[in-house]
Structure formats: structure tokens, C-alpha cells
Amino acid sequence: MSGHVSHAAHWGTFTARWDGERLDVRPHPSDPDPSPILGNLSDVLRHRARILKPAVRKGWLEKGPGSGHRRLDDVFVEMEWEDLLPIVARTIGEVRDRHGPEGVYGGSYGWSSAGRFHHVQSQVHRFLNVSIGGYVRSVNSYSAGASSVILPRVMGPFEALSRHNVTWDQVVADTDLVLAFGGMALKNSNIARGGITSHIERGSMAQAAACGCRFHLFSPLRDDFPPEAGAIWHPINPGTDVAVMLGLCHMMLIEGRHDRDFLDRYCTGFDVFAAYLEGRDDKQPKTAQWASAVSGVPVETIVELAREMTQRRSLVTVAHALQRARFGEQPVWAGVALAAMAGQIGLPGGGYNYALGAMGHTGRRLNSVPIPTLSQGTNGVANFIPVARICDMLLNPGSTYQFDGRDMTYPDIHLVYWAGGNPFHHHQDLNRLQQAFAVLETIIVQENAWTPMARSADIVLPATMTLEREDIGAAATDPRLIAMKRLAPPAGAARDDYEIFSELSRLMGTERAFTEGRDARGWMAHLYEPTRKALADRGWDAPDFEEFWRRGELALPSAPDDGGLLRSFRCDPKTTPLPTPSGRIELFSKTIADFGYDDCPGHPTWFAPEDQPDSNHPFVLVANQPATRLHSQLDFGAYSQSSKVRGREPARLNPQDAAARGIGDGDIIRIFNSRGACLAGAVLSDGVMPGVINLSTGAWFDPIEHDVNRTECRHGNPNTVTRDVGTSKLAQGCSGQVTIVDVCRYDGPLPPIQAYDPPTLVGC
Ligand SMILES: Nc1nc2c(c(=O)[nH]1)N[C@H]1C(S)=C(S)[C@@H](COP(=O)(O)OP(=O)(O)OC[C@H]3O[C@@H](n4cnc5c(=O)[nH]c(N)nc54)[C@H](O)[C@@H]3O)O[C@H]1N2
Ligand SMILES: Nc1nc2c(c(=O)[nH]1)N[C@H]1C(S)=C(S)[C@@H](COP(=O)(O)OP(=O)(O)OC[C@H]3O[C@@H](n4cnc5c(=O)[nH]c(N)nc54)[C@H](O)[C@@H]3O)O[C@H]1N2
Ligand SMILES: [Mo]
């Protein structure tokens, strides 16, 4: 293999060789459709954006913790590890002594890299648990904030419904009709946390289409399905899917096509839901005409699909995107109700698969053996926040809020330790985020590169990139364990996350508990053991760690394609009820109704979007996942850079809208609303419905500072304009997917892109 060795990224497994300057990357030989995102790896190892030495914000070093507003272009002082780590240990210790571990936020959300040992979220949590007895944690994700709370209450565990349900094999063999709300863009299924050795979605869709399966795409964007699926595109006003779902349900109801036996035997609360469909209380029957007027989807489409759904093997899917919005619980629940009325839940290739196609984890068989996972230890702090409420927490310590039926109180945070995530990527309303960070005494960030989060820190600790160390790549839905071999020496003085935490633990007197006496290799062998043992118990090839490492990968057995919990529930609802209060699918939930939340009532409910386009904000901005990278990772890589327009993130809009605004292809545009603004590069496309602008996430925030509380981004980060508000009192999830904006051509002088330049660094 000419010196190529195995490695893994969230966007694919590969072999690579480094020649001191560039990485030559070859996709895993078994991958039929490798991700183009591999193209970001070749030139990043020695990019100028890498952090080469530990550094401290000059203001913090001189004035101590509590320096207030942090500017991204503040000066940093470079220091030696030996000098800085004792300061870090002392600073954390002081906060613990004054405020207890409750004063530290270790929520530290983010994807970091694929290896299971150096998984830095696990590392930072373990470190804080062991060294100071815990930290305020976060629960749930930016991905699935609303669905991960509503699904278990009304149907079943999130993981089971998204990842152990209908497989691509079933779609090919059995499905006639797919109603995909939010689509199944291949850009999204490129990604699987922990690595992916075979991208099967394109081939599966092509095969299913060849077998007669019809894919229906409800989305503002045509390319939420690949051409191979032959999908029929139904452009839909963003945020109006619930209306279409209710319209389909109402149509089934008035034509008597709904599956009464299924609803009687497997569901509870259909009477309440049916009364709502008929408009008994709100005087608004949820007719196809009503749904069409709200959503822009033609009446005939709704009428025909409602008929077809009940006559053929049909599958309803709902993308994560739909629930990353205010009232995001509703499309998830209304999708359940729609599939329940069609009566095919639990049948092969039929029913409801939440988020099928949103990642390369879905539609596959689970492994029947465990994958390596690092134990995080025990957190002594009870308080936590739903992950996307970080700014509310920092700005309102001591105030109360509702979450999933509980009265919660925001803690008073003094220090934040962030490793493996980028809040300037994932969080909404970046002006507000900066105000929230200003209340903190100290921010510590462990990073590979000078991301905006690193530049917002007081203490910056340079971590190796995955390519610079050894690890094990694995995902519960991928049939291969990958030996991730070291490809290059660390950039500058970067250290492995584990090494940094080990040294900090030593300084804090907790080294033994953190390391358990193991070095990184020792840990990998230790974490490999449960997998090896499970393989041996099943009589599978179960080599010892050294042999696995030598081979570079290991095959893992898959569990049967058995349809999971929905299939067993359908076969025998008495002995295998669903884990809901009624043991059934809840089309009315007494539990949720009793919470009394005005923004999440007891049955799937239509809420008009709070932010309706108006004369000041005539466009809906769709801030979806980027096609050319994973989130903000390696935005400076070649493939991501190849998509930029004069250095700015591409923003796609319909040619009609562009013409009305005098915007031409390749022009720089300014996207703005009352919260903020960013520049972007216009790309005209008739695959974007009129009235919509598509600016994906992930361009590194590159501020032009007007005053302390008002920055704009010259590069194209959509979170400058998104709204920082919970989905509802039930889940308090992230609402970043859609927002209303205006847009104009930008003819001013173009500020240079500085996002990837390190801040000014001075010696100690
Ligand atoms: N408007 C809007 N916002 C969104 C979304 C949206 O749809 N619209 N989507 C949301 C979703 S679904 C998600 S999951 C989030 C994602 O948000 P994040 O997960 O925070 O985004 P990433 O860019 O993956 O951040 C990972 C960071 O870890 C760093 N890193 C990588 N490897 C290592 C390592 O080994 N060690 C250390 N110390 N650091 C490392 C990378 O350099 C990078 O900065 O964004 C959310 N934000
Ligand atoms: N290439 C790439 N792939 C990724 C990621 C990445 O960063 N890059 N991130 C991964 C992660 S962490 C996650 S959580 C998943 C996210 O999975 P999703 O959240 O499902 O992905 P998105 O691309 O944000 O959204 C999917 C599509 O939904 C459509 N959409 C938006 N709003 C609406 C609406 O109101 N109605 C309808 N019908 N459609 C709407 C948009 O056109 C969008 O392209 O993707 C994963 N895959
Ligand atoms: Mo996500």
C-alpha cells in the first residue's frame, strides 16, 4: 500500500500517507460512494490556522479572571506548557473552592473527531469529574433537541426509532412510497459519528427507484434528494410541514381510509386527534385546502398522496431539520400520527422512520457487539441544562424555566472548559453569544485550530489533530473497527487531549484516578477488550489488540434486520408494549397535556411560524448542514474552500428573487435582520424555491466589529441572524434551522477574509 495506513474521519474511513507537506488520501476500498469531504484533509495539517503553542489572552494574564467582553482580535501571549498548565490547574481549583463544581460549565458540546479513545467530550467530562467532582452538564443535542424528548414520550426511544427501524434493504425490497419531509440529502448521510466505511445511500435509492419505489420530497430545496432517487419535488414553505401532515390525515379521515384496526389496537388518543383534525374546538378543519393555502403544496398532491399512502407500502420520514425550529416537536409527532393513520408502522419498509437518511447511521443494521467507549466517571453535580440554552443560562443565573415537565433553575457559572466543539458554529444569535461569554471569569478552550471559539478563550491549549495520533474508529452502525494510525508528528507544541488532561490531573493530585496508570496505547487495548470478548463469545474472529492493530481493521457482526421495537410491538403488543405510559403510540399524551405548556399541547398541533416573512424580512433563510464539510471542521480545507465565492460562503437563491433585487450570480450579498448580518456569495439556482435563501452553516465567524454588542460577519456565518430560542417548554431544543431575513447586493469595499489567521501572538 505504498506506506498508506488506515485512519477514520466522521465522513469516511481511508488510508493515507503524509509526505511532510500533503496527505495523500484513498477512500476505504469497500466504499461504493466515498464522501468528497475527504478532499478537506490533504492540506490542513500544517495550515496557518493550526494552534502551535499554548496561549493566554493578554488582558486575562495581566488583569486576571473576569476581563469582560472578549474581542476576537485581542492579543494572545504564547507560553510554555510547563508554565501555563499550573495556571490552568490553579484557576480551575480556585473556582471549585469558591463556588464548588457547580460554578463550572463542562457542557462542552461538539463533534470533535472520530476516534473513540481521544473522543474529547468524554475526556473533558472524565477530567472534570475526577479532578473537581463534576460540572454543570448539558443534555440532548443541537441535532435532535426536540425529537429526543418528544419521541420517547409518544412512541419510543430516539435511538431505536431512528437507527433500529426500517433499513435500506427493506426500502429496496418492500417500500412503494416514501414521503420524506426535509428529504434525505446525500450530503448528510455522508456523515456518521465515529466513521463510516461504506456510503450505501445513493445506490440504495437508485435500486429502490428501479424497483418502483416513489420518493416524494417535501422541502424548500430540490437537492435534498440525489437525482438517482428520481424524487418528485414538492416545494413547501419552510415551517409548514405540520399543516401538510394534518391535511393528509384529514383527507384519510373524511374518506374513511384510515386504518381503524391499527388505531384501535396500537394507539391511544385517536379520538382527541380526530376531533382536532375536524376542527371541533378551533373551528378550523385541517382540510387539504387549508393545508395547501398554508404550505403552498397543491391540494391535488395532498389528496392523491393521502389515497396512495393507504393503498401501497408507505413510509414517512421526518428530517432533523424540521424539529430544529420553534415548535419543532410538532412535525415529529404529526409524522407519527400520519404514519399511524396509514396503519403500516412495524411492517417491513413501512410506517415511520424518524430521520432516515440524515446521517450514515440510519437505515443500517446495528452491530451485535459493543464498540469501545471511554468511561466518563461520576458527576457529582445534579444541575444541567438542555444544551442549546447556554446563553439563557449565562445571562440569567438563578432564574427559572420549564423543561420536559420540570421546574429548572439556571446555575451561576464562572468558568467554562470547552474541548471538541465550536459554539460560534453551533449556537444561534452570535451577538448574544458574545454578550453571554462576557459574563464569564475564565474560558478555557482546547482546540486544533484558531477557531472563533479559540479566539474567544482566555486560555488556549493546542490539541493534536486526529491525524497526529493513534485511536480506534468505530460506530455502532458500521461493520468495521478501524485502527486509526498516526500519520504525522504533531504541529508545533500540540499535545494529545489525553496528555493535556493527564498532566492537569497530575497537577491537581488526581492523576492516578484519571489515567488508571495507562498510557494511550494501554487505554486503546483496554477499551478494545469488551469488543474482543464479545466477538470471542460469539465464536467470531477475535484477535488480540496487537493483531487487530497490525491488520488495521476488524469485521464486526451485524444484528438481524428485524425492524426493531416497532416490529415486535406490531407482532405482539401485549408482551412487547412500547415504553410509553399507555404502552401504545400516543396520539394524545396525558403526560404532555398535564404539563400545560402553551407551546406544546397534548396532541400534534399546528402552530403558524412565529417569524412570518413580512415586508422588512421577505425571505426565509434555511441554515442547513453544509455539503462541503462537517459543520465548521476544516473549513480551511481544499474542498470547502472550492465552494466559496470570492472567499465568502455560497448563499443560494432563486433566479426570480435575485433578478428582483438586482443580484447576479457571483455577486456578494448582505443577509440581515434585527439580530445581525453577514456577507455571502450569491449562487443562483432554480432548485431553491422562491422566497427562500439557503446559507449553510460552518463558515468560520469573521467579525467586523461595529461596537461591543454589534458585530457582522464578513464570511457568511448564518448564526449571525438566527434566533436563540427554545423549540418549546417541553424540549428547549435549538431553533436554528430557519429564520426570516432581508437581502441586498453588497457593493461596498470587500473586507479581506481573516477567519483563518491566528490572532496577534506575542512572546511571554
Ligand atoms: N443555524 C444552525 N445552527 C446549527 C445547525 C443548523 O442546522 N442550523 N446544526 C446544529 C447541529 S445539528 C450540530 S450537531 C452543531 C455542530 O456543532 P459543533 O459540533 O460544535 O461543530 P464542529 O465544527 O463539528 O466542532 C467541532 C470542533 O472540534 C474541534 N476538534 C476536532 N478534533 C478535535 C480534537 O481531537 N481535539 C480537540 N480538542 N478539538 C477537536 C474542531 O476543530 C471543531 O472546532 O451545530 C448546530 N448548529
Ligand atoms: N455534509 C454534512 N453532512 C452532515 C452534517 C454536516 O455538517 N455536513 N451534519 C450532520 C449532523 S450533526 C446532523 S444532526 C445531520 C442533520 O440532519 P438535518 O438536520 O436533517 O440536515 P439539514 O441539512 O440541516 O436539513 C435537511 C434539509 O431540510 C430542509 N428543510 C429545512 N427546513 C425545512 C422545513 O421547514 N420543511 C421541510 N420540509 N424541509 C426543511 C432543508 O432544505 C435541508 O437541506 O446531518 C449530518 N450530516
Ligand atoms: Mo447534529
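Modeller: Here is that interface, followed by some pairs from the whole structure. This is a predicted model, in which local features need pLDDT of at least 70, side-chain atom pairs count only at pLDDT 80 or more, and totals for chains, interfaces and linings use all residues. Residues are numbered from 1 along each chain as its sequence is written, chains are lettered from A and ligands numbered from 1 in the order in which they are written, and side-chain values use heavy atoms, with hydrogens and water left out.

The domain bounds come from an automatic or database assignment. Domain 1 covers 5–41, domain 2 covers 55–142 + 384–469 + 488–517, domain 3 covers 165–365 and domain 4 covers 619–745. Take domains 2 and 4. Their C-alpha centres are 27 Å apart. Contact (heavy atoms within 4.5 Å) involves 31 residues of domain 2 and 33 residues of domain 4. Together they bury about 2,600 Å², of which 53% is on carbon and sulfur atoms. Buried area here is the accessible area (1.4 Å probe) that two parts lose on being put together, summed over both. His425, Gln428 and Asn431 supply 24% of what domain 2 buries against domain 4, more than any other three residues.

Domains 2 and 4 share 3 salt bridges, each a side-chain nitrogen of Lys or Arg within 4 Å of a carboxyl oxygen of Asp or Glu. Arg71 pairs with Glu705 in a salt bridge, with the closest N and O atoms 3.0 Å apart.

Which elements carry the domain 2 side? β15 (400–403), α17 (423–426) and α18 (430–437) each supply at least two of its residues touching domain 4. The largest share, 5 residues, comes from α18. Helices (H or I, at least four residues) and strands (E, at least two) are DSSP runs, numbered from the N terminus.

Tyr105 and Trp418 have ring centres 6.0 Å apart and planes at 50°, so the pair is tilted. The rule pairs rings of Phe, Tyr and Trp (its six-membered ring) with centres within 6.5 Å; planes under 30 degrees apart are stacked, over 60 edge-to-face, the rest tilted. Tyr105 is in strand β6 and Trp418 in strand β17, 313 residues apart.
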